[in-house]
Structure formats: structure tokens, C-alpha cells
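Hello,

Here is the structure I promised to pass on to you. Please have it open while you read my notes below.

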Amino acid sequence: MCCDLKRRFLLLYATQKGQAKAIAEEIRQQAGTHGLEADMYCISEVDKYNLEAEKDPVVIVISTTGTGDPPDTARKFVKKIQDKTLPPDHFAHLQYGLLGLGDSEYTFFCNGGKTVDRRLQELGAQHFYDTGLADDCVGLELVVDPWIDGLWLALKEAFLLQKEKEGMSSNIDAVSNSLSAASPVREPDLTSEIQHLKLENKGVRSSDVLPQKLVDINLVTSARDTEPSLVHSVPPISESALNVPALPPEYIEVQFQDTHGENPSPSSLISEGTAFEVPITKAVQLTREDAIKTALLLELDIADTTFDYQPGDSFCVVCPNNVNEVEELLHILGLSEKGEHFVCVKVKQGTKKKGTTHPHHIPERSTVKFILTWCLEIRAIPKKAFLRALVECTSDAGEKRRLQELCSRQGASDYTRFIREPNVCLLDLLHAFPSCRPSLNLLIEHLPKLQPRSYSVSSSNLFQPGKLCFVFNIVEFPACPTRLISCKGVCTGWLAELVAPLLQTNKNILDAKGGSPSTEKISIFARPSSIFQLPADPSIPFMMVGPGTGVSPFIGFLQHRQKLREEHTDWEFGETWLFFGCRHQDRDYLFKQLRCFLENGTLTHLKVCFSRDLPAAEVAPPKYVQDVVRLYAKEVVRVLLKERGYFYVCGDKKHMADGVSDAVVDILSMEMAVDKLEAMKILATLREEKRYLQDVWS
């Protein structure tokens, strides 16, 4: 390949939103400081590596998407290694270490990594290093950092073993000495081997330089020196020498040009599928003005496109960042006068960052404002490597020290508490550290791609040909100590603003035909589901649990089923159940026409509950959908086990879906007269059979 084979390893990553790639780049960067060279590729670049012939150690970093699927970039790879005709010793020559990324909020935690790990083992591959599973729910860095720390000793041992196997014992000492010089053997707990910096202002208390800043930017409720905050630390970290990441090498060059030209279409940046620009033909507010959350239904006209979907599918909306936040960012960066200027973005000649290519989501030529509006996730939580780079753009000594602390090993808990947990973004940091002035190229290097937002389809193409409907709550982020003003979700806030004129004419008219014409268009692309779909056999019964906007895909299910019943009067249709819940019957009962499905026989059973309404009867009714499900224990067991039906859950993961699965486990335990562990096994089997299905979010 490209370097001394004695010190080379193959580094593969499979990413959905850029996390796995960023971690792989960190591994590659650190490898150089340990006398190693990482050949790094996306796992989809099968023409650039060959696992069947790979002799050196392989390191794999892989994320998980959806309800436990490997990322899109790994789908072909997974399909390839799952070929049943492959012999059990197909990868017997392969030594690998795998780092999986996931979120324990979801049922199939790190399933992308586990799937690849399990299959490689089945094909004879051997671990040279234990598999790591990092949890984004508590902070990926809690596993990622120590896993990377331990990787270098494991690689050293793998190289030594490789030499022994090749019978080259005479070279072992040379290899050992070369690696030891860069990577000294550590005690089993393996402390960080990241560049150790004794900072210029070591020993200077942050409290000596930051109190005035705290008052100025109003970020804490108390100015006491004993209280740490985003901008202020206390001993011991304020007096410690710090282990901070090595400074990431710059690799992007931005050349400012004139204002002449035309920006590309935002949809041209989409690599996940064919994007369609479609008009919004109707917008309806489904909730009353005094409801806690505001839910909107939008209807899109897809008649003039080849866009196709099935009930249960999702699709993605291409959305921009908030215009006010973009303008504010331009102002802070000193680029307000150059927002409409075109820039040429290139890979920097002579960069020390190896294997660098032009970012796919950044046009080679566009305006500064276009890049900040359509290309970069400016609300992303800054990673530690970004904080490390921001240190070099900060002039105030106290601010510089605090940024160093936040990206250091010693500041891991502060990073979690003051950046990760409150979802601090770049703008929050620039307000908190006013002497920090990063360049545009630094933002392009460190901010991830602005991701399209995914929504569940809430209609049936069979029932409403040429139309696509979806429902969403307008996401609200309240003000907090690190964010002084409230804000809306990137996409839901933009959509709400976009359809405001339509809402004035269509408010509360869900059943109106047509709707006011709209010139507003949005770009969408399909994200079909191979799992969350109606049973292929219409005679199979199914139950649906969807409180709040979780009912959205089930509207499509019921519309589809109603049309099938109208067109095929001779078919046998299984019974259907829907458990719906909301806070108040008169404020946020999103689809009161659900009773129409009940009346025409499409829906067999409709069970509703209202968690915040005061009970009229002496005995309070169930508050939540999981409580209602428990009331129908015998029916749940009959549908799921005796009639081999389906059970669908859609909505909030933490506060609802987990409660529903707990209720089903209790029902199975009680009705089947088995202990809870056995009931959990039954539920696990239902999941494996794709008869207990979830479409959930956290």
C-alpha cells in the first residue's frame, strides 16, 4: 500500500451522520504519533481495499441507524458478508478490532456494529482487540476515548504476533523498539497517549481571569467561584496540567471571490437518493392554540414526480438553517459584508491531513451564506477536536484556558455537563467566548453536514393518489443558562414559517378538499421502510399504538386498508386495533376522524386516553396508552400469539415505547403464566419475527 507494511493497518468506517468518520479520522491522526500508518477508507469504497487478501490488522468504526440497521454506506458490505455460500473460514486470515456506535435509547443498541462483528466471527475472523460499544445516550467519548487509548498496545501486540507467524523473529526487536519509542507500554488501565501539553497559563486559576466575563454574558445564575459553568472552572481542573488532543491539521482552503454567479440547488447536494421539489398544497394546525405542543399536517403534491411510497415509509426533507442564526454567525465571524460573496473551496495543498478529499456536501463554488445556510449543521454539538482548533482562534488567556480544559481528558465531565447535555452549539460557544474568532475554513472542516430531517408518511397513495401527507410537532427549545433565547427545531421551525400563510386559510379544516394554492416548494427524497409496513396478508390482525404524532403512520395504514376494503369486497380482513392518547381531548386530539374509520369498519377497535384531563368519574380512567394496553391483556395475547398478528408502536421512545414494551412483557408473563425473563424472551422472538415493530424517536 502506501507505507511500511510492518506498521500499516487498514482503517474502515461506516457512517450515517459523520460520527464514525470523525472518530476514524481521530484514530488515523493519532496513529502517526505512534509510528503507525492507517489506510483509511469508507467501507463502501470496496474498490480501494480487499478484506479477502488483507494481511494487516483491520480497525472498523461503524454506527447504527434507524431501528438497528447498519448505516447506508455499509449496506452493500453487510449484504456481501451475509452471503450464505461463504465458507466458515472465509476470513480466517483476518485480525480486526471493531468500535460500534449506537444509542441505548433504542432497542437494538449498536446493532450495526454487532451485526458486522458477529458475521466476521462466523466467517473465521479473529479479534486482536476487544469490541467497543459506545453509547451516544451517555456520551460516545466515555467508551471511544479509552478504546482508542488501548488500541495502540493491542496493535503493537498484533504486529509482533504477525512477525512471529511469518517466522521473522529476527525483526521483532526492531519492530518492538520502533513502536515502543512512539507508544510506551502502559499499565492495564492505559491512560491517554494523546499529546500532553503543559499549557502556557498552567497554574493560573480560571477564576482569576473569568469573573468579569461571567457577568458580561449572563451565563450563570451565581457568580460564586465555587460553581463551575461553561466558561468557568474550579479546582482541581483549573490548576491541573492537561492532556488535550493534538491540534487537527487544517486541510481546507477558502478563496473569496466576487458576488457574480449562481448558487447550486440545495437538492443537488443530496447523495442519499433522488430529490424531488414538490409544492405544499395544504397546511392544517391540528392542535388548539392553548395546546402544549403545536402539531401541523402538511400535504404535498407529488403527482408530477416519480416519487412513490407505501404506508409506513419515511421520507426526508431538505431544510436550511435558521436565517437569523446564519446572519448572527456571519456578524460574529466578521463576514456580514461578504455573505453574498462567492468562495472557492479546495483541499489545501501540502496539508498534513492524509487521504483528504473535498467534502461532498460543500460546493466547489457558492456564496458564504449558502454554505452556512444549506451545507453545515451549525447547531451541531462541537466535538473535542473542534474545541481544540478553536483554542488557536481565541485571544483571551482565560477563555483559551477554559476551551483547553473542555477538550482535555481531565475536563471530560465538564464537557458532558456543559456542552453535550445542554446541546451547546457553535453560536453558544462564540457568545460564551467572545474573543474566539474562527475562520470559515475551520467551520467547513469541523461542522458536520446539515442532515435532511426524516418524517413518517401519514397517508396512502392508494387512498390519495398524487398526494403525500405528514404530521409533526413544532419542536421548541426553551432558553437555558447557555442559550439565552428559546428557539425552534431547524426543520420544523422552518416548515412552520413557510406554511404560515396557508395556515391562515386552512386552519382547522382537515377534511377540506383541495386547499389554497401554494407557491412554496420543498425538496424531499424517499427513505422506504422494509419492515414497518402492513402485513402482506390482509387477513392477519394487527394492533397499533400511537399517541400524539405517533399516530401519523397509522393514518396511512387505515387509509390504505379502507381503500382495499372498497376495492376487494371478497377479501377477508383481520381485525385492527388502535390505541391513541394525548394530553387533552379538546386541545390535541389530532385526528378526530379516526371515528370514521371505526364507523366504516376499517378500524375494529379504537381505544383513547387523555393524560391531563380531569376525570369525570370517581374511578380515574387510564392516563397513558400503555395503561390502556394492559386493560386488553387477553386480546393482546390472542392477536400476537394465537393468531400470529402484528403489533406496531410509533412515537416517543423513552416516555412511551419503553412503557408499552414493559406492558406487553407483563401481559405475556401474566397470561402465559411464565416469569418475566421468559416473557422477555417471547417478546424478543416477536421482534426477530418482525411482528413487534417500532418506529420511535428520542
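Predicted model: local features only at pLDDT ≥ 70, side-chain atom pairs only at ≥ 80, totals over all residues.

Residues are numbered from 1 along each chain as its sequence is written, and side-chain values use heavy atoms, with hydrogens and water left out.

Helices and strands here are DSSP runs numbered from the N terminus (helices are H or I with at least four residues, strands E with at least two). Two strands are said to pair if DSSP finds at least two bridges between them.

Let me start with the antiparallel sheet. It is open and has six strands, in the order β15-β12-β19-β10-β11-β16. At its edges are β15 (453-456) and β16 (467-473), each of which pairs on one side only. From one strand to the next the twist averages 40°; for such angles, axes are lines fitted to C-alpha atoms (for helices, over the stretch in contact), and values run from 0 to 180 degrees between N-to-C directions.

Within this sheet, β10 (residues 276-285) is worth a look. Nine of its ten residues are buried, where buried means under 20% relative accessible area, exposed over 50% and partly exposed in between, with a 1.4 Å probe and protein chains only. β10 pairs with β19 (residues 521-527) in the antiparallel sense over four bridges, and Val-278 stands opposite Ile-522 there. With β11 (residues 295-301), β10 makes five antiparallel bridges, and Val-284 faces Leu-297 of β11 as its opposite. β19 is also joined to β12 (residues 314-318) by five bridges, again antiparallel, with Cys-316 opposite Phe-525.

The side chains of Glu-299 and Thr-281 are joined by a polar contact of 2.7 Å. A polar contact is a pair of N or O atoms within 3.5 Å; within protein, one must be able to donate a hydrogen and the other to accept it, and residues adjacent in sequence count only if both atoms are side-chain atoms.

The other sheet is parallel and open, with five strands in the order β22-β21-β20-β23-β24. Its edge strands, β22 (605-610) and β24 (692-697), each pair on one side only, and the twist averages 10° from one strand to the next. Four parallel bridges link β20 (residues 542-545) with β23 (residues 646-652); Phe-542 has Tyr-646 as its bridge partner.

Next, helix α11 (residues 397-407): ten of its eleven residues are buried, so the helix is largely enclosed by the rest of the structure. Among the buried ones are Glu-399, Lys-400, Arg-401, Arg-402 and Glu-405. Asp-396 caps the N-terminal end of α11, with a side-chain oxygen 3.0 Å from the backbone nitrogen of Gly-398.

Finally, how many cavities of 30 Å³ or more does a search of the whole structure find? The search finds one, and about 100 Å³ of space lies in the largest cavity. Its lining residues include Pro-266, Ile-270, Cys-319, His-361, Trp-374, Lys-449 and Gln-451.

I hope this helps you find your way around.

Best wishes

Terms used
1 Å grid on protein atoms, 1.4 Å probe; cavity = no way out; pocket = protein on both sides within 12 Å on 5 of 7 lines; lining within 4 Å. Points joined across faces, edges and corners; volume = space filled by probe spheres on them.
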